[in-house]
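Open the model in your viewer and keep the selection tool ready.

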Amino acid sequence: LDKIVAERMSEGAAAQPQIWLYNWGEPLLHPELPALVRAVHARGLTVHLSSNLNIERGIPELARANPDELKVSLSGFTPETYQRTHVRGDLHLVRANLYLLRHWLDKTQATTRVWVGHHLYKDTQDQVPAVRALCDELRFEHHPIAAFFQPLERLIDHLEGRAPPDPVHDLLIEPPRVYLPRIKASRSTQHDCELRFNQTVINHDGSVALCCSVYDKPNMLGLDFLSTPHAELERAKYRHPFCGTCMKHGLQYSVQDPAKVLGPR
């Protein structure tokens with residue numbers, strides 16, 4: 001990690017890059033996570049994490065390392081609804097860990113910003129007040145958002161008729177075929193995708209992925225971060241055909257066009 005951070009800083013791609021120590025995985029599973037947080041801080045950079053808190057170790061040590069930001073992903077707020085979208089998850093453990101996290105943040109006088117990303121489904125929207133009350137009690141931020149379907153490859157398979165709707169589509173407040181046309185209609189065509197120009201996704205083995213929304217091997221760039229110049233990595237991203245497929249469906253992360261959102265005045 002230290003070599004990767006040093007390489008990123010030496011190339012000057014960003015004056016103060018944010019380091020996100022997660023992608024398609026649970027960072028608390030890594031036994032050296034606190035040491036990794038401290039290594040990034042030693043370079044004067046910020047550390048951002050995302051966890052579902054479905055693990056029984058590591059919270060005291062993480063609080064001592066004092067990451068800058070921790071998102072806690074939460075879906076249902078009853079054991080039944082939680083396990084539907086966090087398979088084999090234990091809501092009781094998550095709730096206990098939220099209290100444990102608050103305890104250790106206070107005990108270590110950590111300044112970590114904690115926010116709960118509350119994924120909403122058809123049958124869980126009525127749980128918002130209960131989750132908000134818990135967040136208020138623990139002094140964590142509460143950010144509810146309608147759940148959406150990932151990874152990107154599975155979503156495009158569905159849109160292009162190569163796969164039937166996933167069972168989770170029935171739980172979504174809006175299925176992809178409803179919300180995606182609306183998003184596409186509001187996208188600005190004058191701006192690039194933020195996941196392409198403003199992000200580099202480095203896998204655990206040092207290889208580079210196209211972006212954080214992809215999962216499949218064909219969408220890994222086949223390049224090693226430490227041995228590949230930044231300009232070459234950028235060219236590989238912009239040449240990759242999957243970007244065109246994504247943009248054709250309006251799935252890129254670009255800003256909304258105010259004229260399209262507000263309409264004629």
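A residue is called buried under 20% relative accessible area, exposed over 50%, and partly exposed in between, using a 1.4 Å probe and protein chains only. The model is predicted, so local features need pLDDT of at least 70 and side-chain atom pairs count only at pLDDT 80 or more, while totals for chains, interfaces and linings use all residues. Residues are numbered from 1 along each chain as its sequence is written, and side-chain values use heavy atoms, with hydrogens and water left out.

Select R139, which counts as exposed at 53% relative accessibility. R139 and D106 form a salt bridge (a side-chain nitrogen of Lys or Arg within 4 Å of a carboxyl oxygen of Asp or Glu), with the closest N and O atoms 2.8 Å apart. Side chains of opposite charge can pair when their charged atoms come close.

Next, select R113 and E141, another salt bridge, with 2.9 Å between the closest N and O atoms. R113 is partly exposed at 33%, and E141 is partly exposed at 31%.

Then select E174 and R182, whose side chains meet in a salt bridge at 2.7 Å, N to O.

Now select R154, D157, E160, R162, D216 and K248 together: salt bridges link them in a network. How many salt bridges does the structure hold? The count is 13.

Finally, select F148, which is partly exposed with a relative accessible area of 44%.
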